[in-house]
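Have the sequence and the structure open as you read.

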Amino acid sequence: MNTYKLTLLAIFAALGIVGRSVLAFIPNVQPVTALIIICGILIGPGSALILALIITFLSNILLGMGIWTIWQVISWGLIGVISGIIGKYFPRIPLSVIGLIGILSGYFYGVIISLTTYQVAGKFWPYYIVGLPFDTYHAIGNVIFIMLLYPIITHLLKKYAKNRFPIQQQLMK
């Protein structure tokens with residue numbers, strides 16, 4: 001972990017916390033999952049896991065802390081680690097595939113969060129089925145945020161790397 005990665009994580013975290021807070025009035029539509037996926041793919045699974053922890057705890061300080069916080073960390077952490085592993089083994093992923101990862105992550109997040117109710121009330125399926133429309137909002141929001149943010153973030157990271165490390169860029173050619 002170097003200064004560059006810490007700075008990137010701070011920027012990702014700020015975007016996630018502000019985005020989640022500003023969009024709190026729209027159920028399950030927020031940029032957190034998309035940012036964690038993008039971070040995992042571009043920076044790595046460890047960084048995505050750290051980002052999931054930071055965003056969850058800091059945004060829940062603003063929005064409310066509860067038993068669900070643990071499950072949010074678990075779900076976003078797993079999404080980040082899986083995205084990071086995918087990014088590690090497949091360095092050039094088409095945007096449409098990343099969008100598909102966003103859709104699947106929206107529903108995966110819903111399954112994990114539904115375990116909160118199972119933990120408290122012992123009922124999983126009724127809560128999960130009633131929550132499917134909200135998981136769909138989450139999945140659609142993920143795709144929209146990925147389509148908007150991924151090209152911008154990759155462009156900025158490439159531009160930074162090009163200007164910051166010109167000798168390494170020449171060696172890589």
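G44 sits in the loop between α2 and α3. Helices here are DSSP runs of H or I with at least four residues (strands would be E runs of at least two), numbered from the N terminus. With a relative accessibility of 12%, G44 counts as buried; buried means under 20% relative accessible area, exposed means over 50%, and partly exposed is in between, using a 1.4 Å probe and protein chains only. Leaving out residues up to four places away in sequence, G44 touches C39 and G84, where contact means heavy atoms within 4.5 Å. Its C-alpha is 20 Å from that of I103, which is 59 residues away along the chain. G44 follows α2 and has a positive phi, near 130°.

Before going further, keep in mind that this is a predicted model: local features need pLDDT of at least 70, side-chain atom pairs count only at pLDDT 80 or more, and totals for chains, interfaces and linings use all residues. Residues are numbered from 1 along each chain as its sequence is written, and side-chain values use heavy atoms, with hydrogens and water left out.

**How confident is the model?**

pLDDT is the predictor's confidence in each residue, on a scale from 0 to 100. The protein averages 91, and 92% of the residues score at least 70. Confidence is highest in α2, at a mean of 97, and lowest in helix α7 (residues 166-172), at 42. Over residues 166-173 the pLDDT is below 50, and that stretch has 2 contacts in the model beyond near neighbours in sequence.

Back to α2, then. Among the buried ones are V32, L35, I36, C39 and I41.

**The second largest pocket**

A pocket is an open set of points on a 1 Å grid over the protein atoms alone, with protein on both sides within 12 Å along at least five of seven lines; a cavity is a set where a 1.4 Å probe fits but cannot get out, and lining residues have an atom within 4 Å of a point. The second largest pocket holds about 550 Å³ of space, the volume being what is filled by probe spheres set on the points, which are joined across faces, edges and corners.

Which residues lie nearest the centre of this pocket? They are N28, Q72, Y109, I113 and Y127, out of 26 lining residues. Four helices each give at least two residues to the lining: α3 (45-63), α4 (68-89), α5 (95-121) and α6 (125-164). The largest share, 7 residues, comes from α6. By type, the lining splits into 14 nonpolar, 10 polar and 2 charged residues. In this scheme Ala, Val, Leu, Ile, Met, Phe, Trp, Tyr, Cys and Pro are nonpolar, Asp, Glu, Lys and Arg are charged, and the others, Gly among them, are polar.

N28 deserves a look of its own. You'll find N28 in the loop between α1 (3-22) and α2, partly exposed at 29% relative accessibility. Most residues other than glycine have a negative phi. N28 is not a glycine, yet its phi is positive, about 65°.

**The aromatic cluster**

Rings of Phe, Tyr and Trp (its six-membered ring) pair if their centres lie within 6.5 Å; planes under 30 degrees apart are stacked, over 60 edge-to-face, and the rest tilted. That rule gives 5 aromatic pairs, and two of them are tabulated here.

| Pair | Centre distance | Plane angle | Type |
|---|---|---|---|
| F124 and W125 | 4.9 Å | 80° | edge-to-face |
| W125 and Y128 | 6.0 Å | 80° | edge-to-face |

F124, W125 and Y128 form one aromatic cluster. W125 and Y128 are 3 residues apart in α6, about one helical turn. W125 is exposed at 56% relative accessible area, whereas F124 is buried at 15% and Y128 is buried at 13%.

F124 itself lies in the loop between α5 and α6. Apart from neighbours within four places in sequence, F124 is in contact with V111, S114, L115 and Y118.
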